[in-house]
Amino acid sequence: MTATPGEPLRLTVDELAARAGVTVRTLRFYSTKGLLPPPELGPRRVGLYGAQHLDRLELIEELQRQGLTLAAIERYLAQLPADISSLDLAIHRALVASWTPESAEEATRAQLERRAGRELSDADVDRLVAMGALHRTEAPEVFKIDPGLLPLGVRVLDVPIPLETLVAARAVVRLHSQATAHDLHRLFRETVWKPYRESDPAPAELERMKALTDQIQPMVVQALVTAFQRSLADELR
């Protein structure tokens, strides 16, 4: 079932598995573990899955790519509000994906369309490339997919944003994120790391400090995402 823009998403179990890039067996296993809510029953008692199921499944897959056990994933999902929105699930997934080493999956045009759940025009492909969700290869009908960005990119296709705006927006985000990372690194290096090194710590303490600084990165990313969400909400208001 290909969703029409503006209509609620309704997928069979096979379509949901194809959209998320997993097997039906895996999807059913997640359901038996309580990681996915039960589907709605459609005509002839066929189970139909919506956007919330797809969002949750994509989050589960991202958590698994991070190496979390099913028990840990279950605890993670249990902490989420029962009425969590698709947008909030997408933000959770983006945060989790930010810790995954950069990787790309190759897919043909047909495989890409199955993942997207819709036919993709050349203009759609251009927009996905501009967003960084796809990368072209030497073969015209083979693409490299960024699994973290593709689901979000497909959603943006229904928003009437010109291609040149997407390209410009990506450039703005990269420019400011690089500048922010540089300034934060300089601040930490000059006000924390340099004074600490000058205090002539013991080798064991130096290694401990290095380990502690690695733990700062997730907190900084969370703080940046939260600050950006609030700033964007203020601008939209």
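Biologist: At what angle do α3 and helix α4 pack?

Modeller: Happy to start there, bearing in mind that this is a predicted model. Helix α4 covers residues 70-78, and its axis lies 10 Å apart from that of α3. The crossing of the pair is right-handed. As for the packing angle of α3 and α4, the value is about 135 degrees.

Biologist: How many residues in the contact of α3 with α4 are nonpolar?

Modeller: From α3, the residues R56, L59, I60, L63 and Q64 take part, and they meet L70, I73, Y76 and L77 in α4. By class, this contact has one polar and one charged residue, while the number of nonpolar ones is seven.

Biologist: Thanks! Now for α7 and α9: are they roughly parallel or roughly antiparallel to each other?

Modeller: Helix α7 spans residues 122-131, and its axis comes within 8 Å of the α9 axis. The two cross at roughly 10 degrees, and angles under 35 degrees count as roughly parallel. α7 and α9 are therefore, relative to each other, roughly parallel.

Biologist: Which residues in α9 does α7 meet?

Modeller: The α7 side of this right-handed crossing consists of D126, R127, V129, A130 and M131. The contact divides into six nonpolar, no polar and three charged residues. The partners in α9 are L163, L166, V167 and R170.

Biologist: And α9 with α10: are they roughly parallel or roughly antiparallel?

Modeller: Helix α9 (residues 163-198) and helix α10 (residues 203-214) have axes 11 Å apart. Their packing angle is about 160 degrees, and angles over 145 count as roughly antiparallel. The two helices are therefore, relative to each other, roughly antiparallel.

Biologist: How many charged residues are in the contact of α9 with α10?

Modeller: Here F188, V192, W193, Y196 and R197 in α9 meet E205, L206, M209, K210 and T213 in α10. Six of the contact residues are nonpolar and one is polar, and the charged ones number three.

Biologist: Which elements give two or more residues to the lining of the largest cavity?

Modeller: The lining residues are D55, E58, L89, A90, R93, P151, L152 and R155. By class, the lining has four nonpolar, no polar and four charged residues. The elements giving two or more of the lining residues are α3 (51-65), α5 (86-97) and α8 (150-156).

Conventions. Residues are numbered from 1 along each chain as its sequence is written. This is a predicted model: local features need pLDDT of at least 70, side-chain atom pairs count only at pLDDT 80 or more; totals for chains, interfaces and linings use all residues. Side-chain values use heavy atoms; hydrogens and water are left out. Axes are lines fitted to C-alpha atoms, for helices over the stretch in contact, and angles run from 0 to 180 degrees between N-to-C directions. Helices (H or I, at least four residues) and strands (E, at least two) are DSSP runs, numbered from the N terminus. Angles under 35 degrees count as roughly parallel, over 145 as roughly antiparallel, 65 to 115 as roughly perpendicular and the rest as oblique. Contact means heavy atoms within 4.5 Å. Ala, Val, Leu, Ile, Met, Phe, Trp, Tyr, Cys and Pro count as nonpolar, Asp, Glu, Lys and Arg as charged, and the others, Gly among them, as polar. On a 1 Å grid over the protein atoms alone, a cavity is a set of points where a 1.4 Å probe fits but cannot get out, and a pocket is an open set with protein on both sides within 12 Å along at least five of seven lines; lining residues have an atom within 4 Å of a point. A crossing is left-handed if the near helix is turned anticlockwise from the far one by less than a right angle, and right-handed if clockwise.
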